[in-house]
Structures are given as C-alpha cells and as structure tokens.
Amino acid sequence: PSAMREVQLEVPKVLWSDIGGQEEIKLKLCQAVEWPLKHPEAFIRMGINPPRGILMYGPPGCSKTMIAKALATESELFSKWVGESERAVREVFRKARAAAPSIVFFDEIDALAVERGRVLAQLLTEIDGVEQLKDVTIVAATNRPDIIDKALIRPGRLDRILYVPLPDSCTRHQILTIHLKNMPVSDDVSVDQLVEQTEKYSGAEVSAVCHEAAMFALQEDINNQTIEQRHFDYALSVVTPRISTEMIQFYE
Ligand code: ATP
C-alpha cells in the first residue's frame, strides 16, 4: 500500500545461519561493509578508500534480500530499509548520518533507479554528499542490472558490484538442510539426491520444492506422518527452474 512506501522500515531479523552457502558473497560483503566501518584505520594504513556503496545483482530468489537483512541484523550497526519516496530517502540519510557508522539498504533499487525521477535525483544527491556521508555505507540489490541508471554505479557511488549467482551444489545442500530441518523427512529421502535433482534451481525454488513436497504428502493423506521421496519427485515436477541458461549468460 502507498502509505507503506513513505516509511523507512526497521530491518527484519535474519541470521547468517538462516542462509545456506553463498559463503564467498557473505565474506565479500562483510569485508566491504563491516571492515571500513569497524576498522577505518586499516584502510588508511593501506592507502585505499572503502567502497561508498555496494550493489548486489543476480537472478531472482538467490538470497540477495536475505543477505542484506542478515548483514543488518548481525552487524550491530544502525541500519534502515528505505521506502520509495523522495522524503523517505532524505529522512533515512539524515538519520543514518546522525547514527554513523551505519548502513542504508535499498532492495529492488531498479524500481527506484530507472525512472530518472526525483527519488533517484535525491538519492544521488545524498550519496554525493561526501563529507557528511562518511561512515554511511549503502547496500543495494537488483535482479535488473541492465535497467539501472549508470549514474548510480559511477566511482564514488555504488562502486562495488557483487554478483550473487544461482546456488551451486554445496549451497543447495545447505539450503535443503536448513529448510528440511523441521520437516519429518522419510528415510528414503537423500539430501545428496535432492541436491542433484535441483540443479539450476534458485534458493527460492529449492525452498518451494520442500514446501510443495510437504503439501503433497498432506494432500495425499492428511494423516501422513512423513514426507517421502515420491512427494519430492512430484514437487520437482511442479516446481521447475525458471532461470534459463540464456538468463544466466545475461547476468554473467
Ligand atoms: P529477488 O531478487 O527476487 O528479490 P532475492 O535474491 O532477494 O530475490 P531472497 O528474497 O533473499 O532472494 O530469497 C527468497 C527466498 O528463498 C528466501 O526467503 C528463502 O526462503 C529462500 N532462499 C533463497 N536463498 C536461500 C539461501 N541461501 N538459504 C536459505 N534460503 C534461501
């Protein structure tokens, strides 16, 4: 609803342990965001500038939003999630400067950055307010890097760009383990096999497979006690990967 868009939201709690795999991304993000804020003297010592902002991009459903939320939850820094109005942008940066070191998040920044409108102009103004923006790091996510206004990714703005790929087998293994943790899975189900069966699936799709398998078991018999491999097989036939090889090439 439009009223929601006016406000800045407190960041919902997500722990690093809620996110399976994607270790490299987690590490790079910590280095890019936490190090400069927690150890600014180390950057001075090395003679480098910390990134002003980080843009995560990649196919939908691959944990960009979760990663941003976990960063906010676990960094113990003041952090705000930004809505879509000009006023919300101005207000959040005011608070972030006052509370620095701090982090400001923009999810689906393409929605905001494509229009060349007043919200984008306001955002660029805030990012360029270099002096005052010391110790405020911007983290943004998109699955449409192609439509982002190039002005946003100039040096000194969102100048660190991180690709969040489809989960590899190791990450899928962890995602499955997390999602199946509280589910009564039958002995005939092997996580390793599910890892193989979910090649090219996004994290969101792997999660949907687990959910569908459980729903199918209940649909079959509401008194079913366990989820069996055939329930997963059915779920895998219903939830198919949406991200094609062409789309991956587009991102990469
Ligand atoms: P979009 O670009 O569509 O916003 P996203 O990359 O931001 O997608 P998320 O919203 O972070 O993706 O993930 C969607 C859902 O998929 C999560 O709420 C979670 O249930 C599941 N999921 C995705 N990746 C993981 C992961 N690595 N570990 C556990 N669950 C995951």
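Student: Are helix 5 and helix 7 roughly parallel or roughly perpendicular to each other?

Tutor: Roughly parallel. That label covers angles under 35 degrees, while 65 to 115 counts as roughly perpendicular. This is a predicted model, where local features need pLDDT of at least 70, side-chain atom pairs count only at pLDDT 80 or more, and totals for chains, interfaces and linings use all residues. Residues are numbered from 1 along each chain as its sequence is written, and side-chain values use heavy atoms, leaving out hydrogens and water.

Student: What angle do helix 5 and helix 7 pack at?

Tutor: About 15°, with the axes 8 Å apart. Helix 5 is residues 86-99 and helix 7 is residues 118-128. Helices here are DSSP runs (H or I, at least four residues) and strands are too (E, at least two).

Student: Which residues make the contact?

Tutor: E86, V89, R90, F93 and R97 of helix 5 meet R118, V119, Q122, L123 and E126 of helix 7. Contact means heavy atoms within 4.5 Å.

Student: New topic. Why is strand 5 largely enclosed by the rest of the structure?

Tutor: Because seven of its seven residues, 136-142, are buried. Buried means under 20% relative accessible area (1.4 Å probe, protein chains only).

Student: Which residues point which way from strand 5?

Tutor: V136, I138, A140 and T142 point one way. T137, V139 and A141 point the other way. In a regular strand, side chains alternate between the two faces of the sheet.

Student: How many bridges link strand 2 and strand 5?

Tutor: Five, in the parallel sense. Pairing takes at least two DSSP bridges. I54 has V139 as its bridge partner.

Student: And in what sense do strand 4 and strand 5 pair?

Tutor: Parallel, over five bridges. There, S102 stands opposite V136.

Key: Buried means under 20% relative accessible area, exposed over 50%, partly exposed in between (1.4 Å probe, protein chains only). Axes are lines fitted to C-alpha atoms, for helices over the stretch in contact, and angles run from 0 to 180 degrees between N-to-C directions. Angles under 35 degrees count as roughly parallel, over 145 as roughly antiparallel, 65 to 115 as roughly perpendicular and the rest as oblique.
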